Amino acid sequence: MGAGAAVRARDPGRARLGAWHVGRQGQVLCHVWGVRAHLAATGRTAPAVNLKVLVEGEEEALSSYLADLLDAHPEATDADLVMVSDTLLWRADTPAVCVGLRGSLNASLTVVGPGRDIHSGAVSGVAPNPVLELARLLGRLHDDDGRVAIPGFYDDVREPDDDERAAITALPWSDDHWVHRVDAGAVGGEAGWSPLERLWLRPAVEVLAVVAGDAVGPSRGAIPSQAEAEISVRTVPGQTVVTVAEQLRTWVEANLSDRVEHTLEIPMETTQEAYRTPPDLPALTALREAMGDGFDAEIGQMRNAGGSPASLLHDVTGAPVVFFGTGLPEDHWHDSDESVRVDLLHAGVATLACYWSRLADLPDGRGEG
């Protein structure tokens, strides 16, 4: 679920200030309550900055229609700052401001062997098996050190600076605690990087689904005619989804057996580029300070492992993007028991109530200082 808002300073002599909010259902409510709290605390009849709110309900489908919607309503994109609220906090007792997130693209790979499902007793050991060929291919996605084995995949990755790595290292971490929080089972990934750096600073490739044969019901003892896999790629700043998509296509073509045929579908209209908030943005400093007030805590720094239309909103508005969400990894997003902590929503409300006043007080009335 998403929501957006643009903001204009109430003093007509000051520059326009805009913000967009894109967030999950509970976090949309956080923004509604935040405006109410801001008005109640300041005694104002209108917010200190103008807000345009966009509630967008297709983020889980990678916002495939959002670009067309924004093109059709250019008046809605007149903004000086974008706020995306589809992000996580680190921990309830250690909140952190999010300064960026990864991009994403999804690919559907179908491998075809026999022209139809064939009883294995008639052809076993001779006919090509698309399940085995797909499994061999997926097994080559990563090397023994956990690195993605697609040639050129890391060539454009922008290395994080030492300050950001130090900020991430300062966050509390324990393998056992993390596994307990998210039911991950174990901690793994690319050698040479800490788990949080793997989550936030490094790109990743995952297999989300594999379907073949008699997945439901009794087996017919047949070699299936085809096998399918859903592949998810998370990119980081420096990479582009167009380049990564071509790298993936080339790798599949080069590594899949010529005994089978295949199709690889990558819907480019649903891809998302990675985004990093400019570290010297005054609006980011103001957000960190507002979070300190709202959560009554020292505020750390993090990124998010997932994606959002942040880069699209930046490109359309020309405005920088900041992130503010109140979710936790243990909220089980995308699952049947997805939840939200009301106490964190309340802290988010207090943060936003402070933030609108802090934005209006920036030297030039904008988010850029």
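Which strands does helix H4 (residues 130-139) lie across? The helix lies across E3, E5 and E7, and its direction makes about 15° with that of E7. Axes here are lines fitted to C-alpha atoms, for helices over the stretch in contact, and angles run from 0 to 180 degrees between N-to-C directions. Helices (H or I, at least four residues) and strands (E, at least two) are DSSP runs, numbered from the N terminus.

Before we go on, a word on the model: it is predicted, so local features need pLDDT of at least 70 and side-chain atom pairs count only at pLDDT 80 or more, while totals for chains, interfaces and linings use all residues. Residues are numbered from 1 along each chain as its sequence is written, and side-chain values use heavy atoms, with hydrogens and water left out.

Let us stay with the sheet under H4. Four strands make up this open sheet, in the order E5-E7-E3-E8, and their pairing is antiparallel. Strand E5 (204-212) and strand E8 (261-265) form the edges; each has a single partner strand, so one side of each lacks a neighbour in the sheet. On average, neighbouring strands here are turned by 20° against each other, direction ignored. Strands pair when DSSP finds at least two bridges between them. Strand E3 (residues 103-112) and strand E7 (residues 226-235) are joined by 10 bridges and run antiparallel, with Ser-108 standing opposite Glu-230 in E7. Helix H8 (residues 241-255) also packs on this sheet, touching E3, E7 and E8 (contact means heavy atoms within 4.5 Å). The direction of H8 makes about 20° with that of E3.

Now turn to another open sheet, where three strands follow the order E9-E2-E10 with mixed pairing. Its edge strands are E9 (275-276) and E10 (300-304), each pairing on one side only. Strand E2 (residues 96-101) pairs with E10 in the parallel sense over four bridges, and Val-97 has Gln-301 in E10 as its bridge partner.

Across E2 and E10 lies helix H9 (residues 282-295), running at about 145° to E2. Buried residues of H9 include Ala-283, Leu-287, Met-291 and Phe-295, where buried means under 20% relative accessible area with a 1.4 Å probe, protein chains only. Among the elements covering the buried residues of H9 are strand E1 (82-84), E2 and helix H11 (342-360). Just after H9, Asp-296 adopts a positive phi of about 50°.

Conventions. Buried means under 20% relative accessible area, exposed over 50%, partly exposed in between (1.4 Å probe, protein chains only).
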